[in-house]
Amino acid sequence: MKKPICLFLIICFFSCSKNSEISKDNKLILVSQPIVIEDDDWQFEGTENLIFVPENRNDPKSRKIALHFFKFPAKEKSKLPPVIFLGAGPGESYHTDVFYDGRRAESLRWELNFVNKKRDVILINQRGNPEAPGLPIHNFIYEWSNGGSLNKPFDLKLMNQNRKEGYLKYIHKYTSKGIDLKGYDIIHFIDDIETIRKELDYNKIALIGNSFASQWALGYMQRYPHNVDRAIFSGVEPLDHNYDDPNGIWKVLEKIEEYARNDLNITNDLPKGGLLEAFKTIIHQLEKEPVVVKVGNEEIVVGADDLRFSIMNPMAKGYTDQIESWPKYITEMYYGDFRVLAKTSRGRMYNSSSIIINPLFNNSLGISKEREDLLNSRESVKWLGNINSAYSSTRDICLAPKVRDEFRQHITNDIPVILIQGDMDLSTPYENAAFLMNYLNSGHLITVKRGFHNAKRAIILGDSILANDIYEFMNINFSDVSFQEYKTTLPSVYELPKYTFWPISGQSLFAKYEK
C-alpha cells in the first residue's frame, strides 16, 4: 500500500510562490500542490488545495481562514460539469487516510473512480472541521459534563443545562482568541462551495452527499439553483427537517417489531403485548421508580432517560447488530435484566464533547415554528423524550446568524436528483426523502428496504451492477434523453437481506459481552 506524504503546512505554501495563484479579484489566494493517492490497483491524481477566504464574509475587516479541498481532473476529456463531494456530519472530513481505511474508503473510491472518468472531481472540507487543514484552531470543539453519578439515574435535562454552560465557556474561549463564530453558519458553508466553483471557473456543478451533506447541498440548490447540474443524495435531510422527527424513530421500531413477530425463531419468546408495548412499560416503570442494578461490585441506578439515551442496544457493533439484537435487548429489560443498560450508563459520569461547528451550523439553520410544533406534538415524544435537545439547549446562545423561514421553505425545482434512502434509517427518517420528492420534478427515489443511514454505500458495496446503473446518471445527456425516460431504468425499491434476530432465550446479552 502506497500512502502519500501530506506536506500541507501553510507556511510552505506561502514560501513556494510559484505554486501560488492570486485570484482575479486579488482578494482570494489559491494555493495548490500536486498529489497522487494510489494503491496497487487504483490511483487518483490531482491537486490538494487551500483557498483563503474571509472567516466572516459580512465583516469587511474579517481575518482569512483556509478552505481545504482536493481536485482530480477528469481522466477523459468531456464537457460535463465537475462533481463536488461534500462530507457528512458536520465533522466528516476528506484527507488522504480516508482513501485507504474501511468500508467508507472502499465506497468512496468506487464513486470517485466512476465519476472521475468523465468529470472533474472536487472534495470539499467543511470550514471549522478539526480534521481538515486550514482551521482557525486545531481542536475546534466544546465540552460539557454529563452530570451523572452511579447512584442517580441519568437526567437529560441536567445534561443539557451543562451542555449549554459548556458551550458558553467555549464561545468565550474562541472569541477571546479572535475567532469569529459568526462565520460558521449555513450561509458561509454554502458560499464556500460557490467560492470554489467561481475560483475554478466552472459554470455548473453536480453534487453528491450523504446525511448532513445532503442538507448542505440542498442549501446550495436553494441559494444557487441555476448553478446545479444534477445531484445524488442519501440519508436525506431537507432544509426544514433539521430537527429529527421522533415518529421517524418510532416507525423504525414498529418495523423491527413486525419483522420480529414474523420470525418463527423468536416470536414465541417476545413479550405478549409486543415489543413497543414492552418498551412503553419499561419507560413508565423507570419514570415511576428507577432500578438499582448490580454490575460486578458496583450498584448502578438507571432511569427512563438512561433508556431514552440508549434506545438501541448500546453494546451492539453497527446498525445491523442494533436491529438484530433489539428484540432481545427490550425483552430482557421487560423481564428485569438491566445489566447491559447499566454497564453502558457509566458513561454519564464523564464529560462529552462535540465539534463546535455542529451547533453553529444546525442552530443557524434552525427550524420553523410550524415544524417544531408538529414534532413536539408527536405522541412518540412521551416515550422517546426530546430527541432534539442538543440543538434546542444551545440555540438561544448560538452566535451564528439564523436564516429566515423563507430560506427553509421547500421550492419545487427541475434539477435532476436521485435519492437513495433506507427505510430503517434511525438518523434521517425515510419520510424525509418521501417528503422531498414532492418538490423534485425530475427526482427519483430508490427505497432501500432494510437499509440504514448510508443505504447508498450498501448498494455500492453489495450490488455493483445496480451501482453502475445508478451512477450512469452522471453521464447521461438529458438533452438527448429525458430524465423521466432515464429513471425507468432504475428500480424504485431495492431489498437488502433479511434480518437474523438474536435468540431471546439462552445466554443473556450481558453474559455475551462479558466474555
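The legends below describe close-up views of a predicted model.

Residues are numbered from 1 along each chain as its sequence is written, and side-chain values use heavy atoms, with hydrogens and water left out. Because the model is predicted, local features need pLDDT of at least 70 and side-chain atom pairs count only at pLDDT 80 or more, whereas totals for chains, interfaces and linings use all residues.

**Figure 1. A salt bridge between aspartate 192 and arginine 57.**
Side chains of opposite charge can pair when their charged atoms come close. A salt bridge is defined here as a side-chain nitrogen of Lys or Arg within 4 Å of a carboxyl oxygen of Asp or Glu, and the model holds 25 salt bridges by this rule. In this view, the side chains of aspartate 192 and arginine 57 meet at 2.7 Å, N to O. Aspartate 192 lies in helix α4 (residues 186–199) and arginine 57 in the loop between β3 (42–54) and β4 (64–72), so the pair ties together parts that are 135 residues apart in sequence. Helices (H or I, at least four residues) and strands (E, at least two) are DSSP runs, numbered from the N terminus. Aspartate 192 is buried, at a relative accessible area of 1%, while arginine 57 is partly exposed, at 27%. Buried means under 20% relative accessible area, exposed over 50%, and partly exposed in between (1.4 Å probe, protein chains only). Salt bridges that share partners join Arg57, Arg127 and Asp192 into one network.

**Figure 2. A salt bridge between glutamate 111 and lysine 456.**
The N to O distance of this pair is 3.1 Å. Distant parts of the chain are linked here: glutamate 111 belongs to helix α2 (residues 102–115) and lysine 456 to helix α17 (residues 455–462), 345 residues apart. Glutamate 111 is buried, with a relative accessible area of 5%. Lysine 456 also counts as buried, at 6% relative accessibility.

**Figure 3. A salt bridge between glutamate 287 and arginine 308.**
These two side chains meet at 2.6 Å, N to O. Glutamate 287 lies in helix α7 (residues 275–288) and arginine 308 in helix α8 (residues 304–309), so parts that are 21 residues apart in sequence are tied together by the pair. Glutamate 287 is partly exposed, with a relative accessible area of 46%, whereas arginine 308 is buried, with a value of 15%.

**Figure 4. The hairpin of strands β10 and β11.**
Strand β10 (residues 291–295) and strand β11 (residues 298–302) run antiparallel and are joined by five bridges. Two strands pair if DSSP finds at least two bridges between them. Valine 291 has valine 302, in β11, as its bridge partner. Two residues stand between the strands of the hairpin, and glycine 296 takes a positive phi near 65 degrees.

**Figure 5. The surroundings of threonine 394.**
Threonine 394 is found in the loop between α14 (389–392) and α15 (405–408). At 0% relative accessibility, threonine 394 counts as buried. Leaving aside neighbours within four places in sequence, threonine 394 is in contact (heavy atoms within 4.5 Å) with Arg163, Lys164, Tyr167, Pro359 and Asn363.

**Figure 6. The largest pocket.**
Rolling a probe the size of a water molecule over the atoms shows where empty space is left. On a 1 Å grid over the protein atoms alone, a cavity is a set of points where a 1.4 Å probe fits but cannot get out, and a pocket is an open set with protein on both sides within 12 Å along at least five of seven lines; lining residues have an atom within 4 Å of a point. Grid points are joined across faces, edges and corners, and a volume is the space filled by probe spheres set on the points. The largest pocket holds about 1,500 Å³ of space. Its lining has 47 residues, of which Asp244, Phe309, Ile387, Leu426 and Ser427 lie nearest the centre. By class, this lining has 20 nonpolar, 21 polar and six charged residues. Ala, Val, Leu, Ile, Met, Phe, Trp, Tyr, Cys and Pro count as nonpolar, Asp, Glu, Lys and Arg as charged, and the others, Gly among them, as polar.

**Figure 7. The second largest cavity.**
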